[in-house]
Amino acid sequence: MHTAGALALMTVLATTAACGSGSADSGKAEGAFGVSAAMYPLQWLTERVGGPDIAVTGLAKPGVEPHDLELSPIQVARLEETGLVVYIRGVQPAVDEAVEQHAADRGFDAATAVRTLPATAGDEHAHEHAGETGEEHAGEHGDGTGEEHAGEHGDEHAGEGGSPISYDPHIWLDPSRFATVATKLGERLAAADPAHAQGYRERAAKVAAELTALDGEMTRGLRTCASNAIVTSHAAFAYLADRYRLRQIGVSGVNPDAEPAPARLAQVAEVARREKVTTIFTESLVSPKVAEVLASEVGAKTAVLDPIESRPASGDYTSAMRRNLTALQAALRCA
């Protein structure tokens, strides 16, 4: 009876899940290869690479800070059946735990595909690798498959209970790195669903080319600017800064929920005055109050620089990145 009851419960959960669980689904036809994506940028990439051959379930609700994600029983039940889970280990402890318990052999940690940067408190960082491509970064770690990274991140990503992680997870804010993730994701999907391998590889190559073109657009747009210092409400933009030779000064660290200490605020204000910063960047999912106070103190204005952790209010990942480019060009007074 217990077994029959468990099966009945799973049937109810699966039926309810099909009707909606508050997460974002791609709406593909029944019978398509099922993939779960932990947050919006990974969902966007997965949908583009998977195309009509997959059905994508987004685990995070639009407009909600993904770091705070808690999975419902329905979502956990879905992971039992999904063919692949695309996530970044250490960002969402609930996802990490669910993958470990229910999809250990079906998880693709996107951070294993690229060279990650250490988490900082937002201090200015001299990016010695700013001119390298995502493939060059991957090449620093053996054959570029990410296997060496996977072992390395096993400790680094230990974000259990919301504890700090030792690397910056916002890899998608460097399109060249994200292009590398697209290629690796295509290979992972091809291995998991061989019947559609050619389509995955072809779409991955197309998406990687589009991301490479976006990278070139941003490189040209940020090449000649009066300043290279960006003051952000939290230190989510290390990869963008690393790629385009900018200096990020974060009011708080990688965790957007962390309250900055008064000493940190004073330090950032001093740097902003010295650098003649005209703009303090805020985010759509984080309260702008601290940034607004800081801007008032140093005589600057505020503007949105989107870390694209959730689905943009309009457009998609690429249009949000182009809006970021426009905002940066205005703040840095680029030619």
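Reply: Buried means under 20% relative accessible area (1.4 Å probe, protein chains only). This is a predicted model, where local features need pLDDT of at least 70, side-chain atom pairs count only at pLDDT 80 or more, and totals for chains, interfaces and linings use all residues. Residues are numbered from 1 along each chain as its sequence is written, and side-chain values use heavy atoms, leaving out hydrogens and water.

Me: Which residues have the most contacts inside the largest nonpolar core?

Reply: In general, nonpolar side chains in soluble globular proteins tend to be buried together. Here, Leu45 and Tyr317 have the most contacts inside the largest core, which has 60 residues. Helix H12 (317-332) gives the largest share, eight residues. Helices here are DSSP runs (H or I, at least four residues), numbered from the N terminus.

Me: What does Leu45 touch?

Reply: A contact means heavy atoms within 4.5 Å. Leaving aside residues up to four places away in sequence, Leu45 touches Phe178, Val181, Ala182, Leu185, Val207 and Leu211.

Me: At what angle do the axes of H7 and H8 cross?

Reply: Axes are lines fitted to C-alpha atoms over the stretch in contact, with angles from 0 to 180 degrees between N-to-C directions. Helix H7 (residues 175-192) and helix H8 (residues 197-221) cross at roughly 180°, their axes coming within 8 Å. That makes H7 roughly antiparallel to H8, a label for angles over 145 degrees.

Notes. Helix = DSSP H or I, 4+ residues; strand = E, 2+ residues; numbered from the N terminus. Parallel < 35°, antiparallel > 145°, perpendicular 65-115°, else oblique. Core = buried A, V, L, I, M, F, W, Y, C linked by side-chain atoms within 4.5 Å. Buried < 20%, exposed > 50% of the residue type's maximum accessible area, 1.4 Å probe, protein only.
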